[in-house]
Amino acid sequence: MTRMSTMKAFNLIIDGESVSTTDYFDVINPADKSVIARCPKANVEQLNEAVSAAKTAFSAWSALTYSERRVKLMQLADAIEAQAETFITLLTKEQGKPINGFAGLGSGFELGGTLAWIRSTASMELTAETIQDNEEAHIAIHRKPIGVVGSITPWNYPLLIGIWHMIPALITGNTVVIKPSEMTPLTTLLFGEIAKDILPKGVVNVVAGAGDIGAAMSAHKDIDKIIFTGSTPTGKAIMKSAAENLKRLTLELGGNDAAIVLADADIKAIASKIFATSFINNGQTCAALKRLYVHETVHDQLCEAMTNIAVSMKTGNGINEDTDFGPLQNEKQLDIVKALAQDAKERGANFLCGGEVVDETGYFYPITLVNNIQDGARLVDEEQFGPILPIIKFSNIEDAIVSANRLAVGLGGSVWSTDITRAQDIASRLECGTVWINNHAMVQPDAPFGGVKDSGFGVAFGEAGLKEFTFIQTMQTAKS
Ligand code: ADP
């Protein structure tokens, strides 16, 4: 208890105020399993207050011009930047990712992305589009904010995904109630503390809690839209309860992205990129490369090159500067990775490296490469969301395309080749929302990103992403 009392206190943010709760839950550092903070647990009354505050704030916020809202959001970015170190350390403690990490893709990268996304998204604007202007009528399409947006976020990029949800909603004139994952709520609560002093009260509200609060949000009659990033089963549950008031939805669900490496690929040039995009955030990335299909003529060369990189990696506590990869974020995810590895072993797959837990002080799992494995193995068919990659040999490109498309999910996919035209042709046959040629997992603020099939619907980023937070009002002005 005495240790607890020295910890920073976190509060909910409702109607511009820091609000304490009667219930709390522990937030665990996955690198050493210690309790880093107690998190306030919102009840349904507090959720109702947050929604009501957002509803009240909507009329004034939506009446502002884009440039007035932009000024506030840019101030928000500056205020977060001023506390960058605090955010980065807190993110490493609650999520596990290293401060710097392999290729600099750790907490500093997430904070940098947060700032870049706020500034870039806040610079965008939707304008009315005239579709007819003649002697009969002027007809224009206007884009109006929807109202109160509920955001439910996961634990892999808690700060950045919250920003991906909130900023397009806010710049287009909506107000927000956000519920971070119960595994990683702290950076979002810290964000709320800063936002409440910059934005008008009620424009951003933060409630913390588990799936029950998320479920109450998706059924809430005064939330007009939910944007959700998380698992497919939870996305389906949200969609069911959203029917109550015909809520608008953007669902960014799981993926199991395939990459296809053609015989003419330049293995020396691409091995490190394939490694980085497979293991980004320790594999806990929606659009990471998760199934690697390699033509038989270059299979051994790529396996060797990737193994050489893998064995030089250091997995450990991300607070240490020399750590490349941190722990899995939670025990449940570690257990999934272990179970998929076990199934692969039982099927006679070959482990090129890793495959055994060596350090149990945190939820650590080493970088693991597995070949001699086929479609049907759990490690291929199920999303691993962790640092273990199946490498599948193919001889016929048509078989590889069938393999890539055979699962229910369709978030991203990639083709690796020196023949760009052929690679683009093959990529266009992949059933997924983004295809990359000689890259994977790369997103940017102006390029739409979203899934198809069981990976969800709706897109984030760019003008298409902004439109998701608006409805169309067609204005017809008669002239005769
Ligand atoms: P995971 O099991 O990996 O945490 P989830 O998709 O269940 O993935 O979690 C993502 C987010 O969804 C979290 O914020 C979580 O609290 C929330 N959540 C979980 N269950 C529900 C639900 N039934 N309705 C709405 N949100 C939920």
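Predicted model: local features only at pLDDT ≥ 70, side-chain atom pairs only at ≥ 80, totals over all residues.
## Basis of the model

Residues are numbered from 1 along each chain as its sequence is written.

## Domains

The chain is assigned domain 1 (12-253 + 455-475) and domain 2 (257-444), with bounds from an automatic or database domain assignment. Taken over C-alpha atoms, the domain centres are 30 Å apart. Between the two, 29 residues of domain 1 are in contact with 31 residues of domain 2, where contact means heavy atoms within 4.5 Å.

## Nonpolar cores

A nonpolar core is a set of buried Ala, Val, Leu, Ile, Met, Phe, Trp, Tyr and Cys residues joined through side-chain atoms within 4.5 Å. Buried stands for under 20% relative accessible area, exposed for over 50%, and partly exposed for values in between, using a 1.4 Å probe and protein chains only. The largest core has 85 residues, and those touching the most other members are Leu76, Leu170, Val177, Phe191, Leu199 and Val204. Helix H6 (residues 158-171) gives the most to this core, namely 10 residues. Helices (H or I, at least four residues) and strands (E, at least two) are DSSP runs numbered from the N terminus.

Residues up to four places away in sequence aside, Val177 touches Leu47, Ala50, Val51, Ala54, Val148, Val149, Gly150, Ser151, Asn205, Val207 and Met217.

## Helix H8 and its cover

Helix H8 (residues 211-219) has Ile213, Gly214, Met217 and Ser218 buried. These residues span an arc of only 140° around the axis, so they are on the same side of H8; the arc is that of the directions from the helix axis to the C-beta atoms. Among the elements covering the buried residues of H8 are helix H2 (44-63), strand E7 (148-152), strand E8 (175-179), strand E10 (225-229) and helix H9 (232-242).

## Aromatic rings and charges

Nine aromatic pairs are counted. Rings of Phe, Tyr and Trp (its six-membered ring) pair if their centres lie within 6.5 Å; planes under 30 degrees apart count as stacked, over 60 as edge-to-face and the rest as tilted. Phe275 and Phe279 make a tilted pair, 4.9 Å centre to centre with 40° between the planes. Both residues lie in helix H10 (residues 267-279), four residues apart, about one turn of the helix. An α-helix has 3.6 residues a turn, so residues three or four places apart point the same way. Phe275 is buried at a relative accessible area of 0%, and Phe279 is buried at 1%. Ring pairs join Phe102, Phe275, Phe279 and Phe325 into a cluster.

Two charged side chains sit over rings. The charged end of Arg69 is over the ring of Tyr66, 5.0 Å from its centre, and that of Lys345 is over the ring of Phe351, 5.2 Å from its centre. The rule is that NZ of Lys or CZ of Arg is within 6 Å of the ring centre and within 35 degrees of the ring normal.

## Positive phi angles

Most residues other than glycine have a negative phi, and most peptide bonds are trans. Ala103, not a glycine, has a positive phi of about 55°. This alanine, Ala103, lies in the loop between helix H4 (84-95) and helix H5 (107-122) and is exposed, with a relative accessible area of 55%. Ala103 and Ala276 are 173 residues apart in sequence, and their C-alpha atoms are 7.6 Å apart in space.

Asn281 also has a positive phi, near 60°. The loop that holds Asn281 runs between H10 and strand E13 (289-295). Asn281 is buried, with a relative accessible area of 7%.

## Gly465

Gly465 is in helix H16 (residues 462-467) and counts as buried at 2% relative accessibility. Neighbours within four places in sequence aside, Gly465 is in contact with Pro168, Val459 and Ala460. Gly465 and Leu199 lie 266 residues apart along the chain, with 22 Å between their C-alpha atoms.

Key:
Heavy atoms only, no water.
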